[in-house]
Protein chains: 2
Amino acid sequence: MKTLKSINKMQFSPIKLLTAIITVFTLTLLFSTTTIMAQEKTQMVRLVKIKVDPLQLDSYNIALKEQMTTAVRVELGVLTYYAVADKNDPSQITILEIYADTVAYQSHIETAHFKKYKETVKNMVKSLELMDVSLIGAAKKEGL
Amino acid sequence: MKTLKSINKMQFSPIKLLTAIITVFTLTLLFSTTTIMAQEKTQMVRLVKIKVDPLQLDSYNIALKEQMTTAVRVELGVLTYYAVADKNDPSQITILEIYADTVAYQSHIETAHFKKYKETVKNMVKSLELMDVSLIGAAKKEGL
């Protein structure tokens, strides 16, 4: 407590305050960028094309979204999912998947949430096509 | 100058300094999240499939990356691009494109950088397929 009190007696000028704020802001942005660059070297990227039973599409989309958000939240190596539906036929779904590496992917398909998803959708999915791809490039607004 | 000098005479305790830093950090993250949620309602999302002349693939990829990074950097309404190549045939390219809305897209195709890209690649592209899609969901690690 003595140390805390003595620290609290120290005083900083507004210039120092501003400098500290700008430093934190810059380092936060810089760290994000560095993380992305480090991960891209080993990434496993895939396009998945799924044809879903149109009568079960709502249930399928709920299960898919739950799987995606859970995996990204709890698994370190699950980086990115984008799932899109053809506007002319929403039962034609394409998913872009990015994992840190193939080890992260192998670990992912053994998780309880992925197995639950597979069990839930097994009678909803009419066909499944997996395509291994490599990332040519990505560009995104900051924070997206 | 008098005002600046008097501001600089003000003093802040380490607790105030820490509070200010945490506030900036939190607001930065919060603002990003809010932006995403606001934009999703009107977004225009598209999958583009491009077959490129294999002999001109390197030149095509350079032109594509320049177009993507420039558009995201200078156009407010150009949000996200992911370009991927089939591992079995890297001349088969798929691009996921997200614009804030259709107005942003119409404005995008009138820009100098997009027209330059179109001119550069006109003899490199063998076929082009545009598919309007809707976003079922996206999940990404913070900072990606």
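This is a predicted model: local features need pLDDT of at least 70, side-chain atom pairs count only at pLDDT 80 or more; totals for chains, interfaces and linings use all residues.
**Stop 1: chain A by itself.** Select chain A and colour it by secondary structure. You will find five helices and four strands. Follow the chain from the N terminus, and the elements come in the order α-α-β-α-β-β-α-α-β. Now switch to colouring by burial: of the 144 residues in chain A, 19% are buried. If you draw the contacts within chain A, taking those with a separation of 6 or more, 72% of them link residues 24 or more positions apart.

**Stop 2: the side that faces chain B.** Bring chain B into view and select the residues in contact across the two chains. Chain A gives 50 residues and chain B gives 50 residues. Which elements of chain A each supply at least two residues here? Pick them out one by one: α1 (2-9), α2 (14-40), β1 (44-52), α3 (57-74), β2 (78-86), β3 (92-99) and β4 (125-140).

**Stop 3: strands across the two chains.** Hide everything but β2(A) and strand β4 of chain B, residues 125-140. The two strands run antiparallel and are joined by seven bridges. To end the tour, show A:Val84 and look across to β4(B), where its bridge partner is B:Leu135.

Methods. Residues are numbered from 1 along each chain as its sequence is written. Chains are lettered from A and ligands numbered from 1 in the order in which they are written. A residue is buried if 20 or more other C-beta atoms lie within 10 Å of its own, exposed if 12 or fewer, and partly exposed in between; C-beta atoms are placed from the backbone. Two residues are in contact if their C-beta atoms, placed from the backbone, lie within 7 Å. Two strands pair if DSSP finds at least two bridges between them.
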